[in-house]
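Dear colleague,

Please find below the structure that I am handing over to you. My notes on it follow directly after the display.

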Amino acid sequence: MTDHITIDQTPALPPEKPRLTAGSWVRQNLFSSVRSGILTVIFGVFSFFAFKVLVNTMFENPDRDWLAVKTNLRLYAAFAYPITQFVRVWVALGLVLALLGLSLGIWRSASAVAARTIASRLIASGLTVLAGTLLVGPPVLRDEAGEPVYDETFEALRGTWRSGLEQRTGWFLLAFALVAAGVALWFGLGSRRNTLTVPTTLVVWIASGVVIGSTWVVRYGHYGLDPEGVPVGDPDSLVAMSTRMPWTVMWLLVAVAYQLGRFVSRWNSSRLLITAAWFLAPFIAFWVILRDPAIDYGHVWSTDLPMFLGFGVLGGLLLFLLADPKIGELGRFIAFLLVVVAALTFVSGFYGWFSMLQKARISFCLLALFALMANNFAGDRQTRLRFAGAWVLLIGIAHYFITLMNSPSTLELRADSFLGGFLFTMFAALFGLMFSFPLGVLLALARTSTLPIFRLLATWFIEFVRGVPFITVLFFFDIMLPLFLPAGMEAPDMAATVLGLVLFSSAYLAENVRGGLQSVRRGQYEAADAIGLTGAQRTSLIVLPQALRVSIPPLVGQAITTYKETSLFAIIGVFDFLRVANYVVPNQSTPVNFIGHKLEGLIFVSFVYWLGSITMSKYSQNLESKMGVGER
Amino acid sequence: MTDTSVADTDRLSGNKDMIVCEGVNKWFGDFQALKGVTATIKEQEVVVVLGPSGSGKSTWIRCINRLEAHQGGTIIVDGVELSNDLRNIEKIRSEVGMVFQQFNLFPHLTVRDNVTLAPIWVRKRPRAEAEQLAMDLLERVGIPEQADKYPGQLSGGQQQRVAIARSLAMEPRVMLFDEPTSALDPEMIKEVLDVMKDLARGGMTMMVVTHEMGFAREVADRIIFMESGEIVESGTPEHFFTNPTEERTKLFLSQIL
Ligand SMILES: Nc1ncnc2c1ncn2[C@@H]1O[C@H](COP(=O)(O)OP(=O)(O)OP(=O)(O)O)[C@@H](O)[C@H]1O
Ligand SMILES: [Mg+2]
């Protein structure tokens, strides 16, 4: 009988790292010695008073009126965009968010948060809300119009502490809910809280879902201006349906797009397609959705379509022939000829000898560029057909957008640009980053090129731009650009600011990429050469992918800087997100009066900027480790 | 210099010249690394290059696919002369495979993608065909099951075999090996040498810089001994190991054997 031999059925777990109890943590970290104890007490007291001053400045202060933000959310979102057409703003935002969801699904981030961290953060934020609620002074008494009531010494009159606490049930509930959720998670998971992790994407999605979902049940109040411009203020109702509904749709859209992204990620081409979509999206959002151009169809049939067909068919044919592997020197000669023609069309246009349509000029340039690349695509029939097809597609897209840009907008605008507020900031940052990224890479390559002329030009450009304040660049483009742009082309603000931003941040990006390029080992170049890759293939297939991987953290840092730098646009008179808070709202006198209420807006704007930056940087931290797969 | 054996085996007589080096010189600044190197390597010949450290072995074979530019003399590979003409360089590089001491695999690509890169981008093969070829080659070097891993997840010996498969994927007419086993742990050397022996038996023209005397003895048609940038002696393994004529060769052999 072997009954008394017991076999331990539980699988051997790795020994758990011993965790300190709360008491010993406090002793070891805060009061380990007399000196550290004193420092802890001093800074603890300091933080307490700083926090108390902060909440009392923000809330229950006779000088604060949060209606300045609540009423003007539409201004903050899109500034002067016509209210009747506001659905276009939502569609544009939806497009960006759908792409975001798709991308998150395709490039699934490995980023995850430990359950333990989530629980403790929830408890900590709940306790902070509770402390804030208790530390705010008694409520300021206000009259019917919402103005504070003052006594003869111009002290604002306040109610009792008790009445304050009674009025703040909402905040107490919030604090309680946060703490309860944290505690439930902590004890509900038991010891698994130390091992379980939740993907960051899911955490962000659930958190925003809770906020958005709560607008359907919690009476946050309904504020704003109705389409006639009459102020609406109802503290006891739900958030307006025109806010609640779109946000809910956006939130679901991201989830659907994410799942779709996961599904399509199995196809290799999905990555290429989504990248292309990102480059097209701002144009579509800007010129098609938001600007709503009035297209002259007579002109389309008589000029635009024939021209597209001409360039598409003839150009495609030419490129198909140029990609013939047997063409040799003749191909290079034809490409060179096309470059000359393209240059001449510009020169002749400049002097007005024979001014060709702007579209034709641009098309010739693109054709010349393709012709120069043709011998990289030399190969069998299929490759050549694909190359010619790519040309037709590209020229089609280019002609489409040029037609859109040349058509007048149907919007009735109250300002000279239809973008403003956060919408402007978002588009400027998106456009700016999208174009400065490739430009930065090109500059970095040029700076490390073996051709001295490229090296010299790139070095001068980079060093010049980095030596000049961003604002100078902005002023420069603000003044110079209108001199270059053809008349009738709208959105000079956008063009000037984005151009400035692109040039400026591309110089910084270039330096980051250069760092990455230098980290690619010499053996990689040699191996690429040894298997017979051309210089261009070596760069794009071997060197750049490795260099960019290394430079992800500084590149994301630069992206965040660029996003925040859009706020400098306010200086050249653009009504960006920050300027709404700093200038527009504090000068409002009719139909609502918020003269002088600047701080509320600044706090709100800072919070939104911070939210964007922190999300970007959190995601990038794990992007790096994910992309590094296989290098370990 | 004594050259007792330009393709003296029956096996190679009548084969055409694959690599012809004629008085090749190479300077690094003021230092002359190659001093008039002259040698002819026949099609299907396996040549092992021996010599002390710093004798110019790497420099020589790196000149043959133009990883270094030579500065005097001529190098003709498969009838094409290496000059500054970019098209000749591209042509020769696609005919000549090279295996490095440090493997130099592309760390951001899977094993499969490492191997299919040249067929797709240099030979312009359709992807499906290239992948089939890659799998065949990985089979041949004995690691088809690693196709979807990244180089960093493989052992040194496996990495070097992937590197060989990557070079073979171009279907080269010549393979150059620069100390392919020097960065490997002893127990992995054999698996790489076995692959190389297989290749040699299959009729590949090979130039191998190595310190593996066993391999040289067994596989080489000819051994070339270099010192200070010059070819000192060249002959069959039998001649080289048993009856070297030059004093410097004898000294070298006495140090390593
Ligand atoms: N890039 C370079 N710049 C300057 N000198 C070099 C360079 N590469 C090689 N040399 C010199 O050329 C000589 C020959 O070098 P090579 O690498 O060809 O030697 P080797 O025979 O391969 O030696 P080893 O067995 O150590 O690999 C050495 O003296 C070396 O210092
Ligand atoms: Mg060497």
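The term pLDDT denotes the predictor's confidence in each residue, on a scale from 0 to 100. Chain B has a mean pLDDT of 90, with 96% of its residues at 70 or more. Residues 1-7 of chain B have a pLDDT below 50, yet this stretch has 20 contacts (heavy atoms within 4.5 Å) in the model beyond near neighbours in sequence. For chain A the mean pLDDT is 85, and 91% of its residues reach 70 or more. Where pLDDT is low, the predicted coordinates should not be read in detail. The model scores ipTM 0.93 and pTM 0.80.

This is a predicted model, in which local features need pLDDT of at least 70 and side-chain atom pairs count only at pLDDT 80 or more, while totals for chains, interfaces and linings use all residues. Residues are numbered from 1 along each chain as its sequence is written, chains are lettered from A and ligands numbered from 1 in the order in which they are written, and side-chain values use heavy atoms, leaving out hydrogens and water.

Chain A is assigned domain 1 (61-80 + 413-632), domain 2 (83-274) and domain 3 (295-407), with bounds from an automatic or database domain assignment. Taken over C-alpha atoms, the centres of domain 2 and domain 3 of chain A are 50 Å apart.

Ligand 1 is surrounded by residues of chain B, among them Phe28(B), Pro52(B), Lys57(B) and Glu179(B); a residue counts here if one of its heavy atoms lies within 4 Å. Oxygen atoms of ligand 1 take part in polar contacts (for a ligand, pairs of N or O atoms within 3.5 Å). A polar side-chain atom of Ser58(B) lies 2.6 Å from a ligand 1 oxygen, a polar backbone atom of Gly54(B) lies 2.9 Å from one, and a backbone N or O atom of Ser55(B) lies 3.2 Å from one.

Technical notes:
Polar contact = N/O pair within 3.5 Å; in protein donor to acceptor, adjacent residues only side chain to side chain.
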